[in-house]
Amino acid sequence: MKYMIKDNQAGFVLKNGIFQKMILSGIYYLPKMMGYTVEIEEMTGELDYLDVPYQILSKDGVFLNSTVHMEIPDGYVGFIYVNGKLTSFANRKEYTFWNVFDKYEIKVVSMMETDMGEEVSRQMFSLIPGKFYTEIAVGEGEVALVYYDNVLQRQLAKGIYRFWNYRHKVTFCVIDMRQKALDIVGQEILTKDKIGIRMNVVCMYKIKNAIEFAGAVSELKGQLYSAVQLAIREIVGNYKLDEILEAKEQISKEIYEALKTREGMFCINFLTAGIKDIILPGEIREIMNSVLVAEKKAQANVISRREEVASTRSLLNTAKLMDENQTLYKLKELEYLERICEKVGEISVGGNAGIVEQLGRMIGA
């Protein structure tokens with residue numbers, strides 16, 4: 001039987017299904033009646049014809065010179081390069097490529113060291129399946145704790161880190177070390193004089209030590225919320241309503257001092273704490289408003305009386321001065337006259353009474 005092999009092809013000669021040799025371009029005549037057959041393959045890319053084990057094919061010199069076979073050892077990953085250009089990730093342990101028209105090679109990288117080294121470029125990393133590595137991104141104001149097989153290894157600062165998941169199971173915990181606010185909204189408290197009020201309290205805090213925090217606290221926000229609630233009730237419950245309204249700043253200081261004593265429980269530092277708002281029940285608020293209105297009215301009356309007294313005292317002093325000083329009396333007459341002249345065009349003054357008395361009657365003084 002006639003077989004024509006093109007320049008970009010290779011033929012695998014079989015006799016009764018057993019591999020005999022590989023042939024390159026040309027025309028071949030092989031008797032089919034004697035059990036000969038030829039399987040023709042394109043000599044490009046990865047070798048598809050692997051019905052016969054590579055160990056048998058490699059005994060043929062022509063096949064060996066036309067192909068390249070690569071194995072990736074345990075604990076390594078491979079990257080496939082074609083003509084010097086990275087093309088793909090090697091996800092199997094063995095590869096056989098035609099090496100006639102294109103040059104194939106595999107670069108292997110060790111995973112024995114858990115830290116991914118600088119030999120893995122950004123382009124190479126983009127091809128690695130996620131199951132092979134763990135990536136940790138640590139932002140501004142954060143730290144990350146890295147664990148190998150649940151054992152703490154080290155603390156990481158801001159940056160991006162990558163670890164191989166070959167020798168160890170790598171896990172991590174990112175902790176925000178920045179200042180945070182905790183709002184206690186609408187906290188209901190019974191005062192010492194048995195009046196129910198609601199209070200809004202705000203506190204600022206930050207984590208003191210990431211490693212100690214991770215080992216001691218599982219869920220910070222909920223525990224911290226409960227601790228602040230207890231501190232508020234413990235302190236505010238010892239005051240009467242009037243005292244709370246008058247000593248708001250002092251009570252805020254006491255709440256802050258109480259929270260400072262609880263810092264060690266949570267591995268944090270309290271920076272500030274204080275009362276934001278005090279919300280009174282409706283009936284109490286109406287009573288307080290009535291008291292406030294009464295106080296303001298009383299203050300207004302006091303001011304009014306004080307002004308009246310001052311005005312009377314001023315008039316008395318003026319009268320005494322005019323009694324004692326005739327020149328001043330005359331000046332007062334002229335003052336009255338000036339005020340009248342501004343309003344009328346003509347004035348007649350008789351001689352039976354003093355000018356001041358007559359002018360005073362004119363203007364109703």
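I started with β16 and strand β17 (residues 196-207), which pair in the antiparallel sense over nine bridges; pairing takes at least two DSSP bridges between two strands, and strands are DSSP runs of E with at least two residues, helices runs of H or I with at least four, numbered from the N terminus. This is a predicted model, so I kept to pLDDT of at least 70 for local features and 80 or more for side-chain atom pairs, while totals for chains, interfaces and linings use all residues. Residues are numbered from 1 along each chain, and side-chain values use heavy atoms, without hydrogens and water.

Then I turned to the rings, which pair if Phe, Tyr or Trp (six-membered ring) centres lie within 6.5 Å, with planes under 30 degrees apart stacked, over 60 edge-to-face and the rest tilted. I get 10 aromatic pairs. F12 and W98 have ring centres 6.3 Å apart and planes at 50 degrees, so I log the pair as tilted. F12 is in strand β2 (residues 9-15) and W98 in strand β9 (residues 94-98), 86 residues apart. I find both F12 and W98 buried, meaning under 20% relative accessible area (1.4 Å probe, protein chains only).

I also noted Y95 and F97, stacked at 5.8 Å centre to centre with 0 degrees between the planes; both are buried.

Terms used:
Buried < 20%, exposed > 50% of the residue type's maximum accessible area, 1.4 Å probe, protein only.
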